[in-house]
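Subject: Handover of a structure and notes on its contents

Dear colleague,

Please find the structure below, together with its sequence. My notes follow it, and I would be grateful if you read them with the model open beside you.

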Amino acid sequence: MAKIVLKGDIVFTSNKDRFETYEDYYIVAENGKVVGIYEELADEYKNYPIKDYTGKMIIPGFVDLHLHAPQYPNRGLGLDKELIPWLNTYTFPEESKYRDIEYAKKVYSNLIKDLWRVGTTRSVIFSSIHRESTKLLMDMLMDSGLGAYVGKVNMDRNTTPELTEDTQRSIVETEEIILEYKDKSNLVKPIITPRFVPTCSVELMKGLGKLAINNGIPVQSHLSENVSEVEWVKELHPELPDYVSVYNEYGLFGQTNTIMAHCIYNTENEIDIMARNGVFAAHCPYSNYNLSSGIMPVRKFLDKKVPVGLGSDISGGNNLSIPSVMVAAIQASKIKWLETDKKLQPLTSSEAFFLGTKGGGIFFGKVGSFEEGYDLDALIIDDSSLMCGNELSLEERIQKFMYIGDDRNIIHRYVRGNEVSEPK
Ligand SMILES: [Zn+2]
């Protein structure tokens with residue numbers, strides 16, 4: 001695996017403002033990392049194994065910054081409800097089932113196969129509160145060759161009795177997973193996962209913040225998804241000025257790498273704190289439509305230099321495919337611009353593509369681009385079935401794939417220079 005050359009029509013976004021396109025070029029990688037992109041192959045690379053994908057597109061693997069593995073069976077269910085009734089009617093009952101390892105195995109093997117199928121080479125995943133099925137999910141992802149952060153969910157208040165953890169036990173079990181998994185794999189890592197402020201006591205948040213900082217472990221949670229949720233947090237924490245301050249107070253807001261899903265109702269001041277602390281926003285437009293949550297003003301975050309990526313947010317979101325989420329993000333930004341604020345320019349295609357590749361990929365390090373030193377996470381796209389006899393530029397071909405392509409067009413997947421075959 002040490003050395004590999006891929007030949008084809010290369011497309012990526014090293015910055016959000018434009019696609020970089022190289023028609024019929026070579027991309028060379030050593031030790032899983034990109035060395036360069038060349039029109040002619042220099043003599044020193046000619047004895048490297050060459051995969052010839054002439055006429056096919058070579059693009060970065062997709063990055064999903066936010067999804068809930070145990071909600072996979074619930075895709076498409078109850079999406080005529082809003083967030084809190086949906087959580088209580090569908091989500092919490094389903095998440096209670098993962099005490100059963102056999103059930104978890106069935107669901108997670110479907111999910112991992114589908115992640116592979118839709119070209120999501122890296123994902124950041126909420127598991128359930130259950131330690132054993134969380135470890136199982138991590139082991140299964142390791143076997144698959146895909147990259148992921150996986151977090152055992154923590155919650156000790158305001159949920160159903162089956163999902164209410166003992167505070168100390170929740171912290172201890174989280175620590176056990178961290179110690180067992182933090183150095184076990186280069187591609188699958190633990191992440192600390194308080195579900196969101198309303199379901200986590202101060203004692204729990206304090207304990208998790210300490211674990212994150214002491215072990216250098218990243219954090220993921222939800223933020224300002226829904227108006228009544230924001231009000232609820234205000235009621236629960238009158239001592240602090242806003243939602244962001246609650247996480248920040250307990251070491252869960254950028255003290256280590258952090259992702260916050262949704263970020264629809266953040267104040268200007270909260271967005272400034274995100275920018276200052278380098279906290280990632282995971283934009284999940286499908287979920288936000290489905291649960292009548294609202295539309296994230298993504299342009300504001302980009303203008304203020306907050307790192308932003310995309311999330312499928314299964315199963316609030318109904319679609320696992322990141323190119324579909326890219327399109328939904330463009331559509332959402334157009335409605336926001338049209339109906340709310342003419343200063344919030346809609347996303348361009350290259351911006352949406354960037355968010356679903358390098359934008360989220362940066363959370364993993366040098367991931368999501370083909371610049372020198374980046375991990376060679378790549379998809380080979382056969383877009384011949386999308387053509388209607390017209391001649392298209394490479395930039396037009398990638399737009400077409402984003403809008404009308406699907407997993408049938410993805411014919412090979414690579415993670416860190418290794419081809420990943422269909423998970424068992
Ligand atoms: Zn979520």
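A cavity is a set of grid points where a 1.4 Å probe fits but cannot get out, and its lining residues are those with an atom within 4 Å of a point. Please keep in mind that this is a predicted model.

Rolling a probe the size of a water molecule over the atoms shows where empty space is left. In this model the count comes to four cavities of 30 Å³ or more. The largest cavity holds about 110 Å³ of space. Which residues line the largest cavity? They are His66, His68, Gln71, Leu83, Trp86, Leu87, Arg195, Phe196, His222, Glu225, His262 and Asp313. Two elements, β5 (62-68) and α1 (83-95), each supply at least two residues of this lining. The largest share comes from α1, with three residues. Sorted by class, the lining of the largest cavity has four nonpolar, five polar and three charged residues.

The second largest cavity contains about 50 Å³ of space. Its lining is made up of Met296, Pro297, Val298, Arg299, Ser333, Lys336, Leu344, Gln345, Pro346 and Leu347. Here α10 (298-303) and α11 (322-339) each give at least two residues. By class, the lining of the second largest cavity divides into six nonpolar, two polar and two charged residues.

The largest pocket has about 300 Å³ of space. It is lined by 14 residues, of which Arg99, Ile129, His130, Arg169 and Glu173 are the closest to its centre. The elements that contribute two or more residues to this lining are α3 (131-144) and α4 (167-181). The most are given by α3, with three residues.

The elements giving two or more residues to it are α2 (101-117) and α3. The most come from α2, with four residues. By class, the lining of the second largest pocket has five charged, four nonpolar and three polar residues.

Packing of helices

On the α3 side, the contact is made by Arg131, Thr134, Lys135, Met138, Asp139 and Met142, which meet Glu173, Glu176, Ile177, Glu180 and Tyr181 in α4. This contact has six charged, four nonpolar and one polar residue. Glu173 of α4 takes part in this contact and is also among the residues closest to the centre of the largest pocket.

A second pair is α11 and α12 (residues 349-361), which pack at an angle of about 135° with their axes 9 Å apart. Are these two helices roughly parallel or oblique to each other? An angle over 145 degrees would count as roughly antiparallel, and one of 65 to 115 as roughly perpendicular; α11 and α12 are therefore oblique. The crossing of α11 and α12 is right-handed. Ile322, Met326 and Ile330 of α11 make the contact with Ser349, Ala352, Phe353, Gly356 and Thr357 of α12. The contact of α11 with α12 has five nonpolar, three polar and no charged residues.

Two details of the backbone

Most residues other than glycine have a negative phi, and most peptide bonds are trans. Two places in the model depart from this pattern. A cis peptide bond joins Ile314 and Ser315, with omega about 5°. Ser315 lies in the loop between β14 (308-310) and α11. Asn31 has a positive phi, near 50°, and is found in the loop between β2 (20-30) and β3 (33-38).

Yours sincerely,

A colleague

Conventions:
Residues are numbered from 1 along each chain as its sequence is written. This is a predicted model: local features need pLDDT of at least 70, side-chain atom pairs count only at pLDDT 80 or more; totals for chains, interfaces and linings use all residues. Side-chain values use heavy atoms; hydrogens and water are left out. On a 1 Å grid over the protein atoms alone, a cavity is a set of points where a 1.4 Å probe fits but cannot get out, and a pocket is an open set with protein on both sides within 12 Å along at least five of seven lines; lining residues have an atom within 4 Å of a point. Grid points are joined across faces, edges and corners, and a volume is the space filled by probe spheres set on the points. Ala, Val, Leu, Ile, Met, Phe, Trp, Tyr, Cys and Pro count as nonpolar, Asp, Glu, Lys and Arg as charged, and the others, Gly among them, as polar. Axes are lines fitted to C-alpha atoms, for helices over the stretch in contact, and angles run from 0 to 180 degrees between N-to-C directions. Angles under 35 degrees count as roughly parallel, over 145 as roughly antiparallel, 65 to 115 as roughly perpendicular and the rest as oblique. A crossing is left-handed if the near helix is turned anticlockwise from the far one by less than a right angle, and right-handed if clockwise. Contact means heavy atoms within 4.5 Å.
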